[in-house]
Amino acid sequence: MVDYSKWKNIEVSDDEDETHPNIDTPSLFRWRHQARIERMEEIKREQQELEIKKKTFQEKYEETKNQLLSAEQEGKNKKELEEALSALSVEEEELKKREEEFKVKEKVMPWNVDTISKPGFTKTIVNTPKPPPTEENMTEEEKAKRLETFINENKSKLKVFGMFKKYKDSQEYLQKNPQLVCEDTANYLVIWCIDLQMEGVSFV
């Protein structure tokens with residue numbers, strides 16, 4: 001059977017209550033919200049203080065216990081250490097009692113809009129690089145810039161490829177340099193041929 005009792009102890013939202021016409025409603029809501037936040041901060045502060053005391057106690061308890069063990073092994077007077085350890089045992093019981101009281105206080109604290117809603121998940125956004133523009137989406141200026149970059153990176157290889165006369169040699173060279181298999185290679189070879197023709201150079 002489902003236990004619905006926990007839903008009875010929910011502090012409703014500030015704007016759900018009806019107020020008297022003569023009451024400054026916005027101010028009342030702000031005051032109630034501030035009071036609720038202060039109660040939550042007090043609970044959080046009390047929890048932090050309790051955790052610090054527990055940690056300090058544990059460190060002190062372990063240190064005293066180790067000192068007592070060393071005193072027993074070395075045959076030293078251990079009465080003072082035994083008394084200190086006994087006092088720490090009393091302190092431990094007090095800490096446990098305070099921890100139980102805090103748990104009860106936290107449990108009976110009314111739920112509200114600030115505590116009942118928590119994010120279900122967090123999302124990580126990975127910045128992926130923008131894909132390069134396709135041939136159809138590139139402007140003439142972008143195409144010219146791309147061709148210039150391509151030529152600067154592959155000029156020597158393009159000239160070697162342009163000097164081949166046999167199909168087999170060209171095919172093998174392209175297999176070793178697949179980046180040359182593109183329209184930019186053809187564009188460069190056309191430009192190169194025009195430049196050579198204008199310079200009066202012929203390989204025929």
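These legends describe close-up views of a predicted model.

Numbering starts at 1 along each chain as its sequence is written, and side-chain values use heavy atoms, with hydrogens and water left out. Because the model is predicted, local features need pLDDT of at least 70 and side-chain atom pairs count only at pLDDT 80 or more, while totals for chains, interfaces and linings use all residues.

**View 1**
The order along the sequence is α-α-α-α-α-α. Helices (H or I, at least four residues) and strands (E, at least two) are DSSP runs, numbered from the N terminus. The chain has 204 residues, and 17% of them are buried. Buried means under 20% relative accessible area, exposed over 50%, and partly exposed in between (1.4 Å probe, protein chains only). Take contacts (heavy atoms within 4.5 Å). Of those between residues at least 6 apart in sequence, 65% join residues at least 24 apart.

**View 1. Helix α4 against helix α6.**
Helix α4 spans residues 140-162 and helix α6 spans residues 183-198. Their axes come within 9 Å and cross at roughly 70°. The pair is therefore roughly perpendicular. From α4, the contact uses R146, L147, F150, I151, K155, L158, K159, F161 and G162. From α6 come D184, T185, N187, Y188, L189, I191 and W192. By class, that gives 9 nonpolar, 3 polar and 4 charged residues. Ala, Val, Leu, Ile, Met, Phe, Trp, Tyr, Cys and Pro count as nonpolar, Asp, Glu, Lys and Arg as charged, and the others, Gly among them, as polar. Axes are lines fitted to C-alpha atoms, for helices over the stretch in contact; angles run from 0 to 180 degrees between N-to-C directions. Angles under 35 degrees count as roughly parallel, over 145 as roughly antiparallel, 65 to 115 as roughly perpendicular, and the rest as oblique.

**View 2. Helix α4 against helix α5.**
Helix α5 covers residues 167-176. It packs on α4 at about 160°, with the axes 10 Å apart. That makes the two helices roughly antiparallel. K157, V160 and F161 of α4 meet S170, Y173 and L174 of α5. The contact holds 4 nonpolar, 1 polar and 1 charged residues.

**View 3. Cysteines C182 and C193.**
C182 is partly exposed because its relative accessibility is 33%. C193, at 49%, is partly exposed too. The whole structure has 0 disulfides (pairs of cysteine sulfur atoms within 2.5 Å).
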